[in-house]
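Please consult the sequence and the model while reading.

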Amino acid sequence: MNNHLHKTYLIETYGCQMNVADSELVEGILNKIGMQKTTVVDDADAIFLNTCAIRENAESKIHSRLGNLYKLKLNKPELIIGVLGCMAQNLKDDLLKNKPYVDIILGPDSYRNIPMLINRHNLDKKSIVDTKLSRFEVYENMFPKRGDTFNAWVSIMRGCDKFCTFCIVPFTRGRERSRSIDSIVQEIQRAVSDGFAEITLLGQNVNSYNFEEKDFADLLLEVSNIDGVKRIRYTSPHPQDINEKLLEVMASRENICNYIHFPLQSGSNKILEKMNRTYSKEHFIYMVKKIREIIPNCGLSTDIIVGFPGETDDDFRDTLQVMNEVKFNSAFTFKYSPRPYTKAAQFSDQIEETIKKERLDELIKLQKKHTLEHNLAKIGTFQKILIEKESKKSINHWAGRTDSNEWVIVDKNNNNIKDIIPVEITNATGVILHGKQIESV
Ligand code: SAH
Ligand code: SF4
Ligand code: F3S
C-alpha cells in the first residue's frame, strides 16, 4: 500500500460540520497509507472536494470549482480529482457523462475504500465510482486526523430517516444508524488526552441517537462524565426528539453547554405539515418554554426556510409571529431550493424568486433586531468564555464563545487559546459582545 504514485493530497470541505468531520476521517485514512496533506493546490497530486448538495447554490460552487481544477489538470494530467460527500451520490451520472476528468467519485459511506480505489485508478486510469449507501457504516474505531483547534468533532450517528419533504439529506446520506457508546467514549477520551477542550457531538439528526436501548440523553450524560471534558456541544437536533429527559441532563451538568439549535423551518402549521416536520407551531413554542424553564439562559438558534411551495403571505406572517414570540438568539435563514428526489420539488405551487427574496430580507431584519436585543440584555452579566481564536479585527484581542454560544471579544492578557475565562460583558454591537476579564464568575 505504501508505493502510491500520488503522495500529496488536498481536501476542500464544503457543507455542514458532518463533512468537516468526514474530511478529518479521510485525512486519517490517507495519512495511514503514507500520503501527506497539503494546503497548497499546486503541490497536490490528488485533490478531493468533499461536497454538499443541500441547496442549488452549494452545488453550483462545486461545479465552478471543478471547472478550475479541470484547467489545472490540463497542465498536470497525472493529477487525481476526487468528488466526495453528498453530491457524489446525487450527481454521479452527470459527473461521469459531463466531467470525465473527475477520477474518483465516493459517497459518504465509502471512505474506507479510498486507498484501494486510488491504487486501482493508478493501475487502469479509469474513473471510479463508489456511492453505495450502507445501513451499518459508522466508521467505528477509525480515528480522524483532527484539525489544530480547540474543538473535536465526534460523529455519533449518520444518516436521516425523517424525510422532510424539502431535504435531500436522507437520499445523499442514507438511513439512520448510531455508533456504540463505548467507541464514542473511547474516541472522546483520546481527544481529551490530545488536548481538545470542547467536544461537539455530530449527526444529521443527532438526538435520534439510539444504541442498544440507550438514547441521546443517556449518551450525553455518559460523555459529560468523561474526565477532562470541559465543554460539550451537539448538532443538529430535530425538535421532535428534544424531550424533558434530555433538557434535565443538560441542566444538571456544568460541562454541557446551555445552547440548543432548534430548527423551526416555518411557523405555519399548514407548511409544517407539508414539510413533514411532525410538529405543530404550538408544540414548538411549548418546547421553547420548557427549554427556558429547565435551562434558564439557554441560547437558542434556529433554521428557517422561506418560500416553501404554497407558502402564502399569511403563512409567512405566521413564521414572523413565532419568531416574535420565541425571539431566537440567532437564525440561519434560507430561500427554499428545490432538490432532486424530494417530494417538495414535485409540488406545483412553487414560489417566485422575487417573493422568496423579499421574505428572506424581512426575516433577516427581524432576526437582527432580536439578536441585538438579546445581546444588549447581556451587558453587565458574567459569563465564562472559551477562547477560540484571535479577534479578526485586532491582534491584541481574543475571540471566545459563551456557554450559550455568543461571540465575545476580550483583551488577550496572559490567556491562551483553549483557556476558559470569566468575563463581564461590557458592550454589544450587532452579533458580537465585548467583555473584560474578571476574577471569577
Ligand atoms: N438535520 C438538520 C438539517 C440539516 S440541513 C435539521 O433537521 O435541522 C440544514 C438546514 O438547511 C435545514 O435545517 C434547512 O433549514 C435548510 N435546508 C434543507 N434543505 C433545504 C432546501 N431544499 N432549501 C432551502 N433550505 C434547505
Ligand atoms: Fe433533512 Fe429533515 Fe433529516 Fe434534517 S431532519 S436532515 S432537514 S430530512
Ligand atoms: Fe450538505 Fe450533506 Fe451536510 S448535503 S449540509 S454536506 S449532510
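How many residues lie between β20 and β21 in the hairpin that they form? The hairpin has two residues between the strands, and Gly 430 in the turn has a positive phi of about 55°.

This is a predicted model, in which local features need pLDDT of at least 70 and side-chain atom pairs pLDDT 80 or more, while totals for chains, interfaces and linings use all residues. Residues are numbered from 1 along each chain as written, chains are lettered from A and ligands numbered from 1 in written order, and side-chain values use heavy atoms, without hydrogens and water.

**Strand pairing**
- Strands are DSSP runs of E with at least two residues, numbered from the N terminus, and two of them pair if DSSP finds at least two bridges between them.
- β20 (residues 420-429) pairs antiparallel with β17 (residues 382-390) over five bridges, and Leu 386 stands opposite Ile 420.
- Six bridges join β20 to the antiparallel strand β21 (residues 432-437); Glu 424 has Lys 436 as its bridge partner.

**Ligand 1**
- Of the 16 residues around ligand 1 (a heavy atom within 4 Å), Phe 166, Gln 204, Gln 265, Asp 303 and Ser 337 come nearest.
- β15 (299-306) and β16 (330-335) each supply at least two residues of this shell.
- An oxygen atom of ligand 1 lies 2.6 Å from a side-chain N or O atom of Asp 303.
- A nitrogen atom of ligand 1 is 3.0 Å from a backbone N or O atom of Phe 166.

**Ligand 2**
- The residues around ligand 2 include Cys 160, Cys 164, Cys 167 and Arg 277.

Notes
A polar contact is a pair of N or O atoms within 3.5 Å; within protein, one must be able to donate a hydrogen and the other to accept it, and residues adjacent in sequence count only if both atoms are side-chain atoms. Helices (H or I, at least four residues) and strands (E, at least two) are DSSP runs, numbered from the N terminus.
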